[in-house]
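Open the model in your viewer and keep the selection tool at hand. This tour goes stop by stop.

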Amino acid sequence: MNLSLAHFFILDVTVFLAVILTAWLFFLRTRRRSQLDARRFFICGSCQKTFAERVPYQRPRCPQCGAIYEGATVKEKG
């Protein structure tokens with residue numbers, strides 16, 4: 001199989017771009033997963049304990065007294 005210099009260059013650039021695209025897609029997937037793992041920090045209205053819960057939970061329970069959290073989030077870490 002003989003490759004001319006032009007074909008070799010095009011093949012080289014194509015492989016390079018494919019590697020860059022794969023790395024970019026991997027980065028986007030990793031970043032999206034880390035955003036899903038973000039936590040919100042709450043302060044319980046009953047016992048004043050600070051606790052963290054994952055974002056999808058809308059009304060978390062306090063791990064110390066079991067009260068359902070009614071207020072707004074204190075701090076988001078992400």
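Start with the whole protein chain in cartoon view. Read along the sequence, its pattern is α-β-β-β. That comes to 1 helix and 3 strands. Both kinds of element are DSSP runs, numbered from the N terminus: helices are H or I with at least four residues, strands are E with at least two.

A word on the model before going on. It is predicted, so local features need pLDDT of at least 70 and side-chain atom pairs count only at pLDDT 80 or more, while totals for chains, interfaces and linings use all residues. Residues are numbered from 1 along each chain as its sequence is written, and side-chain values use heavy atoms, with hydrogens and water left out.

**Stop 1: the surface.** How much of the chain is buried? Buried residues are 9% of the 78 residues. Buried means under 20% relative accessible area, exposed over 50%, and partly exposed in between (1.4 Å probe, protein chains only).

**Stop 2: helix H1.** Select residues 5-36, which form helix H1, and find valine 19 there. Valine 19 counts as exposed because its relative accessibility is 52%.

**Stop 3: the loop between E1 and E2.** Select glutamine 48, in the loop between strand E1 (39-43) and strand E2 (50-54). Its phi is near 65 degrees, a positive value in a residue other than glycine. Glutamine 48 is exposed, at 53% relative accessible area.

**Stop 4: the cysteines.** Show the sulfur atoms. How many disulfides are there? The count is 0, a disulfide being a pair of cysteine sulfur atoms within 2.5 Å. Cysteine 44 has its closest cysteine sulfur in cysteine 65, at 3.6 Å, too far for a bond. Cysteine 44 is buried, at 4% relative accessibility. For cysteine 47, the closest cysteine sulfur is in cysteine 62, also too far for a bond at 3.6 Å. Cysteine 47 is partly exposed, at 30%.
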